[in-house]
Amino acid sequence: MVEQVFRAVPDMAAVAPAASSAGGLVGPSGPRPRRTFSRRNIFIYGTLFVVAIYYLLPLYVMVVTSLKGMPEIRFGNIFSPPVEITFEPWVKAWSTACTGLNCDGLSRGFWNSVRITVPSVFLSIAIASVNGYALANWRFKGAEVFFTVLVVGAFIPYQVMLYPIVIVLREIGLYGSLWGLVLVHTIFGMPILTLLFRNYFASLPEELFKAARVDGAGFWTIYLRIMLPMSLPIFVVAIILQVTGIWNDFLFGVVYTKPDTYPMTVQLNNIVNAVQGVKEYNVNMAATLLTGLVPLVIYFVSGKLFVRGIAAGAVKG
Amino acid sequence: MTSVVVKDVSLSFGAYDVLKELNLDVPEGEFLVLLGPSGCGKSTLLNCIAGLLDVSDGQIFIKGKNVTWEEPKDRGIGMVFQSYALYPQMTVEGNLSFGLKTAGMAKDEIARRIARAAEILQIEPLLKRKPAALSGGQRQRVAIGRALVRDVDVFLFDEPLSNLDAKLRSELRVEIKRLHQKLANTMIYVTHDQIEAMTLADRIAVMRGGVIQQLDAPQVIYNRPVNRFVAGFLGSPGMNFLDGEIEGGAEPAFAIAGAKIPLDRYGFDAVAAPGKAVLGIRPEHIALGDVARAMPFSADAGVELVEPMGSDTLVWTKLGGQGFAFRVEAERHLASGDQLRIGFDPARASLFDGQSGNRI
């Protein structure tokens with residue numbers, strides 16, 4: 001039957017061999033055929049492949065090197081996989097690598113970083129979300145000025161404020177302590193986080209807020225019962241921004257803490273840049289990977305939510 | 001007894017006056033519709049009554065109490081929004097009970113009120129669902145329920161049906177009217193839909209530019225609009241407007257190109273001064289054929305365009321060189337090019353001043 005139709009319109013059959021369905025329709029019908037190996041696809045996937053290799057190659061080298069022993073590294077072939085896999089560099093980087101006088105590895109820095117990051121992230125997000133909510137929904141007198149000042153604050157280079165903050169921390173007795181650094185991180189996270197939360201809350205339908213007010217809910221009830229449950233995506237975005245930002249911070253860590261309270265990044269720098277003795281590339285690579293593991297895990301766990309939060313705006317009730 | 005009184009209320013955002021010295025008295029149990037084009041201040045006025053916006057000047061009374069500085073929850077109002085504004089993370093039951101829980105009401109009383117509202121609105125099977133799992137009509141019913149459980153004196157509706165499709169809209173319109181008959185609460189209802197206004201209202205307040213143009217029963221507003229704006233805003237298809245001149249003297253008449261419409265039967269509001277004016281006549285007040293010949297005014301007209309609408313048909317023609325539409329029953333089959341006699345009684349028309357647009 002189909003064959004007959006093709007014979008009746010030979011040129012049509014040549015153009016679109018899959019165009020006729022069982023119903024005997026002549027000419028293109030149904031889904032348009034798409035070729036897997038079109039020029040377009042080859043170009044797109046080829047580019048993606050090259051770019052992926054470009055970014056993954058250094059990671060590969062790091063992982064491979066961290067699993068080799070020093071003799072093997074001295075052969076100089078950095079791309080070859082390890083002949084004999086050893087986890088000793090990882091153990092050494094974590095628990096016995098020396099920085100200055102301490103020889104307890106990165107573990108101390110890791111726990112310092114945890115003790116800095118967790119309260120900083122919690123405090124900065126808690127305060128900034130309330131700020132953003134108040135700015136978006138309550139429009140108090142001077143709100144515009146307050147917001148402008150806050151946003152301008154985001155553009156002041158950190159270097160300008162380094163020394164004044166040292167003095168402030170010294171005066172309030174927090175200089176060199178973990179809590180001093182927590183305070184600094186909380187304050188410096190404020191502008192960008194407030195902006196983030198303000199824009200998110202402003203994108204929620206205003207009528208929800210009005211409805212809650214008619215229902216008799218006050219400032220905190222609306223925040224906790226109405227706004228918070230609708231804001232998971234933006235909280236995930238804020239957590240990712242803050243955890244990676246604070247975890248990766250080096251400048252504030254090195255300026256505002258002492259060797260005992262150095263965060264992981266500062267300690268990593270001290271291990272990698274140690275000038276005495278042999279350069280232990282495998283330990284350095286393992287230490288670097290260990291330090292980068294936390295942000296990496298965060299990205300992997302929350303990648304989907306992150307994208308949803310960034311693209312948020314249309315929340316339907 | 002008056003339920004809601006708005007006294008000299010003004011509201012400005014910077015230099016822009018949204019409401020200008022507005023006065024409004026709503027008697028107990030009345031269904032008042034605020035009608036106007038977008039940006040006329042009708043929603044703003046409703047928000048002021050609800051207490052969601054602070055007024056720049058003036059006072060608002062609800063049940064004889066000055067509530068100008070009161071919080072929304074203390075005003076004895078319930079509000080229904082256009083976008084439903086249901087709390088998405090709560091079930092229907094949670095939505096209905098939120099306000100009551102916030103007010104610290106006893107559990108059994110909350111359950112009793114939810115059961116009553118659910119029964120009135122027929123949403124009992126939906127109580128455990130989240131808003132996302134409801135259709136538009138169901139959501140709006142829940143939103144009305146949220147106002148209902150609060151057992152308030154005044155219901156405020158802010159374009160509650162505008163997000164629904166035409167069929168649902170007409171269904172819910174009837175339900176709202178039924179609800180009003182059952183509860184007999186005061187209801188203030190904002191809409192830009194003149195059919196909603198005509199069908200629901202005890203009185204309509206037509207607004208433009210922050211000022212109430214006319215406040216009266218729907219029939220009065222429809223038949224005796226105070227100005228050209230009100231005349232044009234109500235009615236679908238809209239009123240015909242003919243530009244012309246009033247000729248005074250012993251037999252006053254309205255002159256358009258090639259015709260004179262006698263005005264001796266027209267009930268003038270003001271003294272008819274000769275000069276430019278606009279005559280408005282609704283499409284359904286036009287008669288045809290022999291009936292038209294019996295009217296005080298009639299003229300020959302050629303059919304230009306026919307719009308069949310099912311229940312009736314709208315026919316476009318020209319009168320005195322100006323576009324003119326009239327309505328005929330659907331059974332009468334007209335085609336463009338047909339010639340016929342049309343006529344109307346000027347007593348049913350409205351005359352507006354050419355300059356101010358006010359009724360004369």
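**View 1. Domain 1 and domain 2 share chain A.** Chain A is divided into domain 1 (39-86) and domain 2 (107-310), with bounds that come from an automatic or database domain assignment. This is a predicted model, in which local features need pLDDT of at least 70, side-chain atom pairs count only at pLDDT 80 or more, and totals for chains, interfaces and linings use all residues. Residues are numbered from 1 along each chain as its sequence is written, while chains are lettered from A and ligands numbered from 1 in the order in which they are written. The C-alpha centres of the two domains lie 33 Å apart.

**View 2. Where domain 1 of chain A meets domain 2 of chain A.** Here 7 residues of domain 1 are in contact with 7 residues of domain 2 (contact: C-beta atoms, placed from the backbone, lie within 7 Å). On the domain 1 side, α3 (39-66) and α4 (70-74) of chain A each supply at least two residues; helices here are DSSP runs of H or I with at least four residues, strands are runs of E with at least two, and both are numbered from the N terminus. The most comes from α3(A), with 4 residues. By type, the residues on this side of domain 1 divide into 4 nonpolar, 2 polar and 1 charged (nonpolar: Ala, Val, Leu, Ile, Met, Phe, Trp, Tyr, Cys and Pro; charged: Asp, Glu, Lys and Arg; polar: the others, Gly among them).

**View 3. Helix α10 of chain A is mostly covered.** Take a look at residues 206-214, where 8 of 9 residues are buried, that is, with 20 or more other C-beta atoms within 10 Å of their own, C-beta atoms being placed from the backbone. Among them are A:L208, A:F209 and A:V214. The buried residues of α10(A) pack against α6 (107-138) and α11 (219-227) of chain A, together with α1 (42-50) and β6 (77-80) of chain B. Just after the helix, A:G216 takes a positive phi of about 90 degrees.

**View 4. Strand β3 of chain B is covered along its 5 residues.** In this strand (residues 31-35), B:F31, B:V33 and B:L35 point one way and B:L32 and B:L34 the other way, and all are buried. Strand β3(B) pairs in the parallel sense with β8 (186-191) of chain B over 5 bridges and with β9 (203-208) of chain B over 4 bridges; pairing requires at least two DSSP bridges between the strands. Follow B:L32 to both neighbours: B:L32 stands opposite B:I188 in β8(B), and its bridge partner in β9(B) is B:R203.

Methods:
Buried ≥ 20, exposed ≤ 12 C-beta atoms within 10 Å, placed from the backbone. Contact = placed C-beta atoms within 7 Å.
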